[in-house]
Amino acid sequence: MSSLTNPVYPVIWHNDSVSLIDQTRLPNEYAFVEIHRSEDMARAIKTMIVRGAPAIGVAAAYGMYLGAREIETDNRDEFLESLEKVAQMLRSTRPTAVNLFWAISRMMKTAYETLGTVQEIKQILLETAQIINSEDLQTCQEIGNHGLTVLPSTPEKLTILTHCNAGGLATAGYGTALGVVRSAFREGRLARVFADETRPRLQGAKLTSWECVQEGIPVTVITDSMAAHCMKQNLIHAVVVGADRIAANGDTANKIGTYSLALIAKAHQIPFFVAAPLSTIDFSLHDGTQIPIEERNPEEIYKVGDTILTPAGVEFYNPAFDVTPAELIAAIITEHGAFVPKELKTIQEKQMA
């Protein structure tokens, strides 16, 4: 059994402000950004200082409290009206990550249901954000442990391929997909992680590899286009990725390139798993065609740092996510266990009971 060190916590409440690991500076610089205002939190989410669906949800919850703290009225109705504006500002930052909307809705529900003065509502909002933070950390650890039950049993230790970053940096800590990796490493079942570089923002090359190095997990970075070759060479036992939104039928939106990875895995008869908390499942959407897909600045494609890669006059298309059909997913690993996509309906029915 291996021991884990150097845990990563990207969102920390400290001294009446939020400390965010600035993920745009990794891996070359490990720096924090202090957030004191809701507008600054919205900007941090939009510019991907904080990223990853669960981490965005945690950050947004604190952003709601910061916005509440800024509202200068003791009138309950005026306070709630102003808080709705804060919620709308935060909702507009990233359209695909459903945890953002889930966390904001939970904070608004808390505000409306809390009896007492405006100051008491503000205090309860802070406590709720802290609960969301701690719950997510526990959720990720449970996801990691449930992942162990579905990973392939092999005579040798496993090699797992992952895409983008679904680690501690993308959550409150520990991670979803990388949480499964961490648990496998802890139990002595993991030989190596293969991390897709993940164009165009290189979250795999910059962030996933950084997290693995911090904890001594053997990691090999490959370009996105090398995945099929690695599978054909029998270098990969399983693929585990995170998710930004999962429709009720199991169709899953994740970082662009995930869909093609699932197709390649199916062609090589390699199990493809999605690891995500239940809060990532959007039961209001029947299937993946209804998931909104964020399009980002084309600079992410034609520039690396200050270097321009393409000739003038070229046009660009930069969707940040794609949708993997449920039939390509072996199981969705949640904090309540691993389920084949068609079983998600049962989870919804239990939640509504």
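Predicted model: local features only at pLDDT ≥ 70, side-chain atom pairs only at ≥ 80, totals over all residues.

Student: Why is S38 called buried?

Tutor: The term buried is kept for residues under 20% relative accessible area, and S38, with a relative accessibility of 2%, therefore counts as buried. S38 belongs to helix α1, which covers residues 38–46. Leaving aside residues up to four places away in sequence, S38 touches G63, L66, G67, E70, V86, M89 and L90, where touching means that heavy atoms lie within 4.5 Å.

Student: How is the crossover from β5 to β6 made, and what is its hand?

Tutor: The chain passes from β5 through α7 to β6, and this β-α-β crossover is right-handed. That word applies because, with the strands pointing away from the viewer, the path from the first strand over the helix to the second runs clockwise.

Student: Which residues lie closest to the centre of the largest pocket, and how many line it?

Tutor: The largest pocket holds about 510 Å³ of space. Its lining has 22 residues, and those closest to the centre are P200, R201, K206, E300 and K303. At least two lining residues come from each of α7 (203–215), α10 (299–302) and β12 (303–304), with the largest share, 3 residues, supplied by α7.

Student: What is the make-up of that lining by class?

Tutor: The lining of the largest pocket divides into 11 charged, 6 nonpolar and 5 polar residues, where Asp, Glu, Lys and Arg are the residues that count as charged.

Student: What volume does the second largest pocket have, and which residues lie nearest its centre?

Tutor: The second largest pocket has a volume of about 190 Å³, and among its 13 lining residues W102, E135, D136, T139 and S279 lie nearest the centre. Two or more lining residues are given by each of α2 (53–70), α4 (98–113) and α5 (118–147), and α5 gives the most, with 4 residues. By class, this second lining has 5 nonpolar, 4 polar and 4 charged residues.

Note on methods: Residues numbered from 1 in each chain as written. Heavy atoms only, no water. 1 Å grid on protein atoms, 1.4 Å probe; cavity = no way out; pocket = protein on both sides within 12 Å on 5 of 7 lines; lining within 4 Å. Points joined across faces, edges and corners; volume = space filled by probe spheres on them. Buried < 20%, exposed > 50% of the residue type's maximum accessible area, 1.4 Å probe, protein only.
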